[in-house]
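Let's take a walk through this two-chain model together, with the sequence and the coordinates side by side.

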Amino acid sequence: MENRLFMKGNEALAMAAIKAGCRFYFGYPITPQNDIPEYFSKHMPRAEGCFIQAESEVASINMLLGASAAGARAMTSSSSPGISLMQEGISYLAGSELPGVIVNINRSGPGLGGITASQGDYFQATRGGGHGDYRTIVLAPYSVQEMHDLTMLAFDLADRYRNPVLILGDAFLGQMQETMIDRPYQPLELPPKDWVLSGAMGRKPRLIKSLYLKEGEMERHNWKLFEKYQKMKKEEVRYDPFLTEDAQLIVVAFGTAARVSKTAIRQARAGGLKVGMLRPITLFPFPEAVLNELSKRTPKFLSIEMNTGQMVEDVKLSVSRNADVEFYGHPPGSPPTPEELLQAIQKAY
Amino acid sequence: MKQVFSRPNSLRDVPFHFCPGCHHGVVHRLVADALDHFQLREKTIGVAGVGCSVFVYEYFNIDVAEAPHGRAPAVATGLKRALRDRIIFTYQGDGDLASIGMSEIVHTANRGENITVIFVNNTVYGMTGGQMAPTTLLGQQTTTSPYGRDFLQDGYPIRMAEMLATLEGVSLSARVALNNAANVLRAKKIVRQAFEMQMKDMGFTFVEFLSSCPTNWGMSAIKANERVEKELIPYFPLGVFKERKESDVL
């Protein structure tokens, strides 16, 4: 019989990381993700792992870089302002082709912003975030169950591609408690880590770097990374369709916005409106092809986000030209209500 | 015929790119000598800082990770926590360690991470063309202190070895110079001691080298060596500022 747990999102995520073999966590306190470092500080010693409360997010991400270079599964977590500080390190991870899992429990911004849930970091998460021409896989959970399951997946994807993977949650997902199934970790098939630094015992020295100065090297490296991102687009797109078959209007939403939208869509259906939803689970790679396919039979799309309009740009780029894309935004402060989203759906329908 | 001198195995057989009279080559050699002496080449991972230091991977015959500017001690922390039986050292210049990386070096030292830090203080940003560093001496002209460093404008040069020696987590903090044979021999001894302490799990060890930078100082190699003696050593005195014994650690 499957084991059911009643857990907080942040703790389910941390528990899943340890199940997936993560033994190195480095982090710095920031609300609303403190349950994650607190969980690791308690449980890492029991798992014979390493927890360090770093002096800053800058140090956290670079400790992760070091542990990852040694071949260990490592992660860090933070919330928006702290994730901004990590962008340098994330860029170096991508350039050095090092795996690593970074969790952003999105709070509001810009600046110090506030501690309530937001989806304001969509652009930062999906466009690379730091300097240079790179992408990270971005997973967007929408329940405590997915906070758990996608975390285990994140470690495998990071190792599969030798690339940082971001989990973009938000303050609601991190703080809410609900029932989840305690699924076991089932690893994907992964390539051997034949690149790790361990001391050049009986082999040639290895080098992990992102500096390319010699003629033509940088261009070749950028194209190599590009090929990797193309492969992600081909093989790692994940999404969750909901009542899309006969839909005349498809809501596109992720995370908490998708969770609330689902209730509003059920209400709209009860009122006779043929509404469905396409929920991207990977924000990069974005489900472009499936949206394009849906737009051949559904004329209208409504992007619902907890910001003033970010993912809507990707929706517009994905759908066919004659499809109509509208946007409804609820910037952070309070959560969007089903009633409010129902009105937005009725208006767009 | 008996061979009495050769390139350490921990260095590759390639020419250094460093400018004539620069001390980086000597620092490389002394670190490699220590790795050879304790037979550590195959169990050591170096962490390269940014600046002229970054090219350690071109010269050392060992595994190397390159760190973002100033972050080498954090990267080394991650490596060492994951590989406790390996030898980890960072190699950093003064801009890297004492300016942008001040936070990382202080906290890594304070945690007493069991790593060795090789700090090359030549009082300028070398690779970027000789800008003012946190260790630039008062009155010293650089490309960003063209009228000479003025404490009212730029503050004072930072004495890292003394500063880190105040931290409980530090096991060895020393400053050495390479301007004459006697100082090179003293430096060699201290570098060996630092790595030996790491082998004994004694915690954080720090060796600051006063180094010349003839190119960015606008001097001949000989004049630059003289400047180390006349100007650098009086402000940055040589010596061991903190040294824990095995009995202190256990």
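What follows is a short tour of the contact between the chains, the sheets and some helix packing.

## Where the chains meet

Please keep in mind that this is a predicted model. In the contact between the chains, 28 residues of chain B touch 31 residues of chain A. On the chain B side, β1 (44-48), β2 (63-66), α3 and α5 (102-110) each supply at least two residues. Which of these elements gives the most to that side? The answer is α3(B), with 8 residues. Sorted by class, the side of chain B that touches chain A has 14 nonpolar, 6 polar and 8 charged residues.

It is worth looking at the partner of that helix. Helix α3 of chain A (residues 57-69) packs against helix α3 of chain B (residues 72-82), with the axes 6 Å apart and an angle of about 45 degrees. With that angle, α3(A) is oblique to α3(B). The crossing of α3(A) and α3(B) is right-handed. From α3(A), the contact draws on A:Ala59, A:Asn62, A:Met63, A:Leu64, A:Leu65, A:Gly66, A:Ala67 and A:Ala69. From α3(B) come B:Ala74, B:Val75, B:Ala76, B:Thr77, B:Gly78, B:Leu79, B:Arg81 and B:Ala82. By class, this helix contact has 11 nonpolar, 4 polar and 1 charged residues.

## A sheet with strands from both chains

An open sheet of 8 strands has mixed pairing and the order β10(A)-β2(B)-β1(B)-β3(B)-β4(B)-β8(B)-β7(B)-β9(B). Its edges are β10 of chain A and β9 (239-243) of chain B; each has a single partner strand, so one side of each is left without a neighbour in the sheet.

## The five-stranded sheet of chain A

Chain A has an open sheet of 5 strands in the order β11-β13-β12-β15-β16, again with mixed pairing. The edge strands are β11 (239-242) and β16 (324-329), each pairing on one side only. On average, neighbouring strands of this sheet are turned by 20 degrees against each other, direction ignored.

| Strands | Bridges | Sense |
|---|---|---|
| β11(A) and β13(A) | 4 bridges | antiparallel |
| β12(A) and β15(A) | 4 bridges | parallel |
| β12(A) and β13(A) | 4 bridges | parallel |

A:Asp240 has A:Arg279 of β13(A) as its bridge partner. A:Val252 stands opposite A:Ser303 in β15(A) and opposite A:Leu278 in β13(A).

In a regular strand, side chains alternate between the two faces of the sheet. In β12(A) both faces are covered: A:Leu249 and A:Val251 on one side, and A:Ile250 and A:Val252 on the other, are all buried. Helix α9 (residues 255-270) of chain A lies across β11, β12 (249-252), β13 and β15 (300-305), running at about 165 degrees to β13(A). Helix α12 (residues 338-348) of chain A lies across β12, β13, β15 and β16, running at about 155 degrees to β15(A).

## A buried helix in chain A

Is helix α1 of chain A mostly buried or exposed? Of its 11 residues (9-19), 10 are buried, so α1(A) is largely enclosed by the rest of the structure. Among the buried residues are A:Gly9, A:Leu13 and A:Ile18. Just after α1(A), A:Gly21 takes a positive phi of about 95 degrees.

One neighbour of this helix is α2 (residues 35-43) of chain A: the two axes come within 8 Å and cross at roughly 40 degrees. The two helices are therefore oblique to each other, and the crossing is right-handed. In this contact, A:Asn10, A:Glu11, A:Leu13, A:Ala14 and A:Ile18 of α1(A) meet A:Asp35, A:Ile36, A:Tyr39, A:Phe40 and A:His43 of α2(A). These residues divide into 6 nonpolar, 2 polar and 2 charged.

Methods: Residues numbered from 1 in each chain as written. Chains lettered and ligands numbered in written order. Predicted model: local features only at pLDDT ≥ 70, side-chain atom pairs only at ≥ 80, totals over all residues. Axes fitted to C-alpha atoms, helices over the stretch in contact; angles between N-to-C directions. Parallel < 35°, antiparallel > 145°, perpendicular 65-115°, else oblique. Left-handed = near helix turned anticlockwise from the far one by under 90°. Contact = placed C-beta atoms within 7 Å. Nonpolar A, V, L, I, M, F, W, Y, C, P; charged D, E, K, R; others polar. Pairing = 2+ DSSP bridges. Buried ≥ 20, exposed ≤ 12 C-beta atoms within 10 Å, placed from the backbone.
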